[in-house]
Amino acid sequence: MTARGEASRFETLPYGVGRLTGGWALLVVALLALVGWGAYAYSCQFVEGKVVTGMRNIGTMGGATWGLYIAFNVYFAGVACAGITVAALIRLLNLNALRAVARMAELLTVITLILGAFSVLADLGQPLRALINLPLYARPQSPFFGTFTLAIAGFLFDSLVYLYLAGRRDAYLMARYDTPLRPLYRAWAAGYRDTPAERERHRKTTFWLAIAIIPLFITAHSTLGLVFGLQVGRPGWYSALQTPAFVVLAGVSGVGLLLVIAAILRGYLREEQRLGTGVFRWLGAFLLVLTLAYLYFVVVKVLTGFYAGHHHEQQLTQLLLWGAYAPVFWGSVLLLALPAGLLLLQAITGRWNIPALVACGVMVNLAAIGKRYLIVVPSQTHMSLLPYGPGFYAPTWVEYSIIVGLFALGALLYALFVKVFPIMDVPEEGVR
Amino acid sequence: MRTGLMLLLVLGGFALQGVSYFFLAAPWGFPPSGVEHSNPRVPFAAAFFILGVGLVFLGAVVYELLPERGEG
Amino acid sequence: MAKYAMVIDLERCVGCRACMEACKVENDTPQAVFWMYVFRFEEGRYPNTRVWFLPRPCMHCDNAPCVKVCPVGARYKRPDGLVATDWERCIGCRYCEVACPYGVNYFNWKAPEKNYYLDWKDRDLGPVTHGATPPYKNPDLEKPYGPERRRIAGGGHLKGVIEKCTFCVHRVEKGQTTACAQACPVFAIQFGDLEDPNSTVSRLLKKRPHFRLLEEAGTQPRVFYLGGHPPGGEVRQIEGVKARV
């Protein structure tokens, strides 16, 4: 087969699979460079120790011992939970309008779980020890047991299985083309034959998997909330509202990011039909409800802290409203209120605008990052129960580089997957 | 037979999770007041827990992948 | 089984910080790490101010939040009451540090340099040190302790691992008192066994009113304070150590 012949074989595959365009290659190179830079930053940290970061001990050192890495771990875990939940809800509630984004959502979960795991590893002082000691010694009484076993390992396995099973039919359809990727598709399809019995079994399995995922997601993300919510020694963390607020913000950031990804793929694959306004209307509506719910939590928390509360709770509220953390707080609130308003406008007029939705998706994610930062840091720098005095936390280039590297890794994995497997369900007619 | 295997994996997976959480890993202490609350009763209990989670989802894979008795 | 506790008399403490120094030398703690720390507090408005001091070791709580949250069981409670850190098992997640209401945990952000404070090889110091073993060479700090044989004394100080006051476990196991109690010039710090009704700590607690820090947090600390009062919202720290790695 000539090179020409090879290229033409990929021409017929749906959704740009196998077609490596110049733009795509450039993107991959740029992402690889960013990942490499992040890896270099991590190597500096690994060799010299975390002294190269801006984190320092709570108390006499006046610092924050958990910083960007933990904030982003919570962020990634949140996005992951939302991704798979959207996919599950699509199958459970038969939301055919959203079927086009199901695999995008499943992939988002798998990738962000990997990023979440890496950000925790980046945060550990002895990561190599942890890889052995956690499976060996992990204690159920520590909230970290739940995050390590359920939220990362369990959820990752679950979403990989879901992605695999849900993709079998498309793998079978793709295997009918004669391409170099055929062995992969055959392996993925694993003997799938498009008979009515098979389809019924597939429907049943994914249905029950979807049902199983919801409690897993709630438990897994709740343990992450409990990591913070159970700490009596940290005003601002110790709250029963912590865990449900975590879960809702997870939904906000996940649906928002899914919106952005769907819009990017819509433009890149020129799939205005399949990824039409119907899809975006649903995602926009989800995002609106979740954002309003989260804003409600914010109002309740601020009102409670403002009205009455422990000396420390009141101090924290003042710190957020007009103290050192006010810019981040008000910035995040604005980045939630503005999208809420935009979404409400679109919902009322019934005119959904995709660029506006993308802007909303980006804004709520920036707000989610800001809120995660506000959950993690102020309670450490300013909320010591003993009068140590205020501290500060200023991330360094190492932390920023590692976070950027993680995002680049996520984008890279996404870009690679899109070229290897169809990112949406293959329509029957597309097969020759 | 396929359904049986699936049920075995799912129930076995949950059972393994329960057993490793409550009987193999470090016991909860109210409060934890001794060394025994910081050591797993069986090493790698957490790995067994994760294995249990994996088995449950393997059950789903088995159910979908294995041919029914009588099918080709 | 012994039930160790510490009793600190705030009416005797003069804020000399000899206990901080002794702890540092005994346990060879790295730069900016203060297993024992002494607050200097000021209350009131000039000219009606009052200055007082509060030594703060680890509280070795009976209901320790740090023990509950350690994911690998590196931080554990011994039967004699000491809350120990196994520096061979610690993975450096710093969960104990964020969980502790008292701020007693110190994470090693870099590999500590030995020999911070005194060059024991300096010939001029010979007459002073009389060939004593330098703290960083004290073999007691590296040994495993307890029936569980875990390395919990001051020898850790590894990059990426947490450490805190050990109630000088390597001295207590030999029947000695803690370094801070030993060094205090006014006998403000007492360490002993609450199970022994004749120990100084038992007698002091029977005789005088006492309080513990952050009682409302429910941690049940093992460090009792005589005289004075808990630092409330109106108290400010002055002359804090400006120590950041």
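The questions and answers below concern a predicted model.

Trainee: In what order do the four strands of the open sheet in chain C stand?

Mentor: The four strands form an open sheet, and their pairing is mixed. β8 (189-193) and β9 (210-211) of chain C stand at the edges with a single partner strand each, so one side of each has no neighbour in the sheet. The order in chain C is β8-β1-β10-β9.

Trainee: Which residue is the bridge partner of His210(C) in β10(C)?

Mentor: β9(C) pairs with strand β10 (residues 223-226) of chain C through two bridges, in the antiparallel sense. Within β10(C), the bridge partner of His210(C) is Leu226(C).

Trainee: Which helix of chain C packs on the sheet, touching β1, β8, β9 and β10?

Mentor: The direction of this helix makes about 110° with that of β8(C). The helix spans residues 200-207 of chain C, and its name is α7.

Trainee: Which helix gives the most to the side of chain A that touches chain C?

Mentor: This contact takes 42 residues from chain A and 46 residues from chain C. On the side of chain A, α5 (127-137) and α6 (143-166) each supply at least two residues. That side divides into 18 nonpolar, 18 polar and six charged residues. With five residues, the helix that gives the most is α5(A).

Trainee: Which helix gives the most to the side of chain A that touches chain B?

Mentor: Here 21 residues of chain A are in contact with 22 residues of chain B. Helices α5, α6 and α9 (196-229) of chain A each supply at least two residues of the side that touches chain B. By class, that side of chain A has 13 nonpolar, five polar and three charged residues. The helix that gives the most, with eight residues, is α6(A).

Trainee: Are α13(A) and α14(A) roughly parallel or roughly antiparallel to each other?

Mentor: Helix α13 (residues 326-349) and helix α14 (residues 354-376) of chain A pack with their axes 8 Å apart, at an angle of about 150°. Angles over 145 degrees count as roughly antiparallel. The two helices, α13(A) and α14(A), are therefore roughly antiparallel.

Trainee: How many nonpolar residues does the contact of α13(A) with α14(A) have?

Mentor: Among the residues of α13(A) that meet α14(A) are Leu335(A), Leu342(A) and Gln346(A), while those on α14(A) include Met363(A), Gly370(A) and Lys371(A). The contact has four polar residues and one charged residue, and the number of nonpolar residues is 16.

Trainee: What is the handedness of the crossing of α1(B) and α2(B)?

Mentor: The axes of helix α1 (residues 2-24) and helix α2 (residues 45-65) of chain B come within 8 Å and cross at roughly 165°. That angle makes α1(B) roughly antiparallel to α2(B). By class, their contact has 18 nonpolar, six polar and one charged residues. The crossing of α1(B) and α2(B) is left-handed.

Trainee: How many charged residues are in the contact of α3(A) with α10(A)?

Mentor: Helix α3 (residues 68-92) and helix α10 (residues 242-269) of chain A pack at about 70°, with their axes 7 Å apart; α3(A) and α10(A) are therefore roughly perpendicular. Their contact includes Gly78(A), Ala82(A) and Val86(A) of α3(A) and Ala250(A), Gly254(A) and Leu258(A) of α10(A). The residues of this contact divide into 10 nonpolar and five polar, and the number of charged residues is none.

How values were computed: Residues numbered from 1 in each chain as written. Chains lettered and ligands numbered in written order. Predicted model: local features only at pLDDT ≥ 70, side-chain atom pairs only at ≥ 80, totals over all residues. Pairing = 2+ DSSP bridges. Contact = placed C-beta atoms within 7 Å. Axes fitted to C-alpha atoms, helices over the stretch in contact; angles between N-to-C directions. Nonpolar A, V, L, I, M, F, W, Y, C, P; charged D, E, K, R; others polar. Parallel < 35°, antiparallel > 145°, perpendicular 65-115°, else oblique. Left-handed = near helix turned anticlockwise from the far one by under 90°.
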